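Here is a short briefing on a protein structure. Look at the model first, then read through the points.

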Amino acid sequence: MSSLIEQLISVVGIQGVRHRPTDLLVYEYDGSVDGAVDTAAPIAVVLPTTTEQVSAVVKLAARFDLPVVARGAGTGLSGGAIAQQGGIIIALTRMDRILDVDAVSRTALVEPGVINLELSDHVRSEGMFFAPDPSSQKACTIGGNVAENSGGPHCLKYGVTTNHILGLEVVMPDGRIVWTDSTRDGFGGLDLTAALVGSEGMFGIVTRVLVRLTQTPPATTVMLAAFGSMEDASLAVTEVIGSGVLPSSLEMMDNLTIQAVEPAYHAGYPLDAASVLLIEVDGHPLDVAETTDDVRSVCESAGATLFRKAESDKERDLLWKGRKMALAAMGRLAPNYYLHDTVVPRSRLNETLASVGRIGQEHSLQIANVFHAGDGNLHPLMLFDRRKPGDVERVLSASHDLIGECIRVGGMLSGEHGIGTEKRGYMTKVFTDEDLRSMAGLKRAFDPDDRFNPEKVLPKGYMCGEVRALHQGVHAFAESHGIFPM
Amino acid sequence: MTPTTELEIARILVDAGNVGSNVVPVGGGLSLPGSIDSESTIRLRTDAFRTVEGYQPSDLTLKVGAGTTFASLAGVLAEHNQEVPIDVPHPHRATVGGLVATGFAGPRRLGHGTLKDLLIGCAFVQGNGLIAKAGGMVVKNVSGFEIPRLMHGSWGTLAVITSVNLKVLPKPRTEGTLVVRLERTSLSEAVTMCRHLAAPAAPISAMTIEQGGESLEIAVRIMGRSRAVNAQIADLKASLATDYEATVQEAEESAAFWQSLVDRWDVPETGIQVSIGVPPRQVNALAERLKKTMAGASDQTSYLVQPGAGSIRLRNARGMDESSASWEGLGSGIHALGGVMVVERAPTGWAPTVDRWGFETPARDLMRSVKRQFDPGRTLNKHGMFI
């Protein structure tokens, strides 16, 4: 291995290579739950500062026949940045410059290691922000957001990461550097940018991102509504959307979450509420004022026991803090948690929440709920103590039931966290063999030798030689449907 | 041919692949490539795929057959005060599949995005006959790769789309359009005016500048609740100098104004129409460049500018000599501004020196690689398109 390490050092300098076992420890895991996702060590971690360095490292990896895993801040929750097959991790965190901000075009060109919140903070004074705001935004990187097509509470109105990416510079598995341009509305050829966003590091390594910035709306209001039951809160969610209001954010928290969050942050969540909704609307001040009144009426009709509108920026920020820092507060309740990510049609939210409660009871687990009710993206938090015998097993069993339940009501496997390693095994529950072969084809178009982040997303067998041959040409269809070429 | 099932589509593609025929998916037939009329071309119509399923107004999602006309879809959604926020020319002919495949975007993209932003799933038959689907029926989904959005703007080169799953939005309560008529104002000056009008942060749904001959019209569309719409339009009017002729179209008139605009700017049967995209901050520079290039034919040339989107469409009814050096100069000039020019309509017999699809990109190899996976036999749109 020393020849590899030497060559890596010659590309990025000695400060840019980690290879001693003790240095590699922190790269063995990410934000996912050990047990649900296996940890694994890479042979080396490289921290480049330029696109050319990334390209050179990729070429080296190919020469040594080693897989490559791109990594941002390592906050991912599905194991995407863990080197399951060993190889080289390319950490993009040192490529953290905001290269250009174009306030007229409302775009910014950034390196992948730029931290999500720092980008928004940087452009705020020009009346703009970067809309995708995952809860990990103080730490997660734009490159990671691109890889996972990250969401966040403001996706209800503003969309997910892919709606805000206009172009990408990527390093391909053979080291080629390619710019994909997604600004040309139907005349740009195939939308490779769209294919790359959400590709979980399996198609290319992103080295530059052209992001769309959003104009900060002239008025914003945040409201808190408390309910005596989860059902009432779910009903309110449906009624708000059904009344034609599209809030910029619509979040729900249950009592268990409130118990963790309120003593920590004193955001003003009533401790006796079964559930609270945090609702944000934005836009023209007159629209916001009228919409706020409508939301109040809807919540009150749905049985809100309390309705409060934030009257100051400070109050607004505090209400949000309770939501954004909810995970951090969970330590008050238990030493470990498994943060799930499933998404169901909004109309099945109530039913699904009831199932979550039932699964918790069946497995003797406390499950907190804090999530994006507006788009049906649930985040059940299973609380446990890893040191207690049987806890991990119960959590894994409950997780299995939970995912099954979400699929049953017409949901999908992941709303934000990605498939990674965590949910690979469930892909066959929501996609047919043909669907998966189609996806494998797309992967092959970018990475025919499966060099980038192997053994993620697609179930085992979809990248192997036998299936590859089957996929090509008309034979794929012919064999599976008994139609024989003439 | 008008297949009624995905299996039939697959058969057509496999059979065509075996004998080397060209298959072109056809929706409303409004955007067909010029090279379609050779004998061995099969037009694969999507007329039989017209169902609207799984529409849950409270979920804001539904599944639409690719052959459904946009007008039908809009009608279904309007019953629940919902919409797909784009203005489509010839909505009674344009199909949802066609709109997705051609990546159509109208002036409302400024405030409301495009179909790509609303696409949450699709079902399709690949060029090699594989019948598959991707995405789902939920508005946030990162399960598997983003094939639906790849299909957007793919112009029928990868697969025949049979249905799409869309996220829909509440219909705005009302709307209003401010129309400002200007004489003796250059396109570039109008762009600057637009920037000034758009400077306050209140959301604008669409903004265009239309010029033909001496007169020029700026139109700004505001959508929302009536008090906010009226207030915003009043603010816009107040920010204009007093000697401008400004009228306001309200509600249905406003909607009709925009429908008429997109109909008017649909690709014409004759003459030349060119669409140019640059980063929005370069629109002034582009406008000036275009004026110089078209100086000899200015009386026959009209323009539609969307300053916020960085787009200028140019139309010359009479047609021009394509070997003119000014076309080449224009192409490279646009490239220097970081933009792309696409010829939407050219006279038959034109073999323009300007690349019809207007883009140079090292990503083209990658596009070909994707094409090879979905349609290795090059059965779909064999002769035309960008790859």
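The points below cover the interface, the sheets and some salt bridges.

This is a predicted model. Chain A and chain B touch each other, with 93 residues of chain A in contact with 87 residues of chain B. Each chain also holds an open sheet: seven strands in chain A and eight strands in chain B.

**Where the chains meet**

- The area buried between chain A and chain B is about 7,300 Å². Carbon and sulfur atoms give 61% of that area.
- Nine salt bridges cross the interface of chain A and chain B.
- Lys140(B) forms a salt bridge with Asp375(A). The closest N and O atoms of Lys140(B) and Asp375(A) are 4.0 Å apart.
- Several elements of chain A each supply at least two residues of the side that touches chain B. Among them are helix H8 (230-242), helix H10 (285-301) and strand E9 (177-181).
- H16(A) gives the largest share of that side of chain A, with 11 residues.
- What kinds of residues make up the side of chain A that touches chain B? They divide into 41 nonpolar, 34 polar and 18 charged.

**The sheet in chain A**

- Follow the strands of chain A in the order E15-E12-E14-E13-E18-E20-E16. The sheet is open, and the pairing is antiparallel.
- Strand E15 (306-309) and strand E16 (336-339) of chain A are the edge strands. Each pairs on one side only.
- Neighbouring strands of this sheet are turned by 20 degrees against each other on average, direction ignored.
- Strand E13 (residues 249-254) and strand E14 (residues 275-283) of chain A run antiparallel and are joined by six bridges.
- Look for Leu250(A): it stands opposite Ile279(A) in E14(A).

**Helices on the chain A sheet**

- Helix H9 (residues 255-265) of chain A packs on the sheet. This helix touches E13, E14, strand E18 (366-371) and strand E20 (380-384) of chain A. Its direction makes about 90 degrees with that of E13(A).
- Helix H14 (residues 391-408) of chain A lies across E16 and E20 of chain A. Helix H14 runs at about 165 degrees to E20(A).

**Salt bridges in the whole structure**

- A search over all chains finds 42 salt bridges.
- Glu405(A) and Arg358(A) meet through their side chains in a salt bridge of 3.6 Å, N to O.
- Why does this pair tie together parts that are 47 residues apart in sequence? Glu405(A) lies in helix H14 of chain A, and Arg358(A) lies in helix H13 (residues 349-362) of chain A, so the pair links those parts.

**The sheet in chain B**

- The strands of chain B come in the order E13-E10-E12-E11-E15-E16-E14-E17. This sheet is open, with antiparallel pairing.
- Its edge strands are strand E13 (245-250) and strand E17 (340-345) of chain B.
- The twist averages 15 degrees from one strand to the next.
- Strand E10 (residues 174-183) and strand E12 (residues 215-224) of chain B run antiparallel, joined by 10 bridges.
- Which residue stands opposite Val180(B)? Ile218(B) in E12(B) does.

**Helices on the chain B strands**

- Helix H8 (residues 226-238) of chain B lies across E10, E12 and E13 of chain B. Helix H8 of chain B runs at about 15 degrees to E10(B).
- Helix H9 (residues 251-264) of chain B lies across several strands, including strand E11 (206-212), strand E15 (301-306) and strand E16 (311-316) of chain B. Helix H9 of chain B runs at about 60 degrees to E10(B).

How values were computed. Residues are numbered from 1 along each chain as its sequence is written. Chains are lettered from A and ligands numbered from 1 in the order in which they are written. This is a predicted model: local features need pLDDT of at least 70, side-chain atom pairs count only at pLDDT 80 or more; totals for chains, interfaces and linings use all residues. Side-chain values use heavy atoms; hydrogens and water are left out. Contact means heavy atoms within 4.5 Å. Buried area is the accessible area (1.4 Å probe) that two parts lose on being put together, summed over both. Helices (H or I, at least four residues) and strands (E, at least two) are DSSP runs, numbered from the N terminus. Ala, Val, Leu, Ile, Met, Phe, Trp, Tyr, Cys and Pro count as nonpolar, Asp, Glu, Lys and Arg as charged, and the others, Gly among them, as polar. Two strands pair if DSSP finds at least two bridges between them. Axes are lines fitted to C-alpha atoms, for helices over the stretch in contact, and angles run from 0 to 180 degrees between N-to-C directions.
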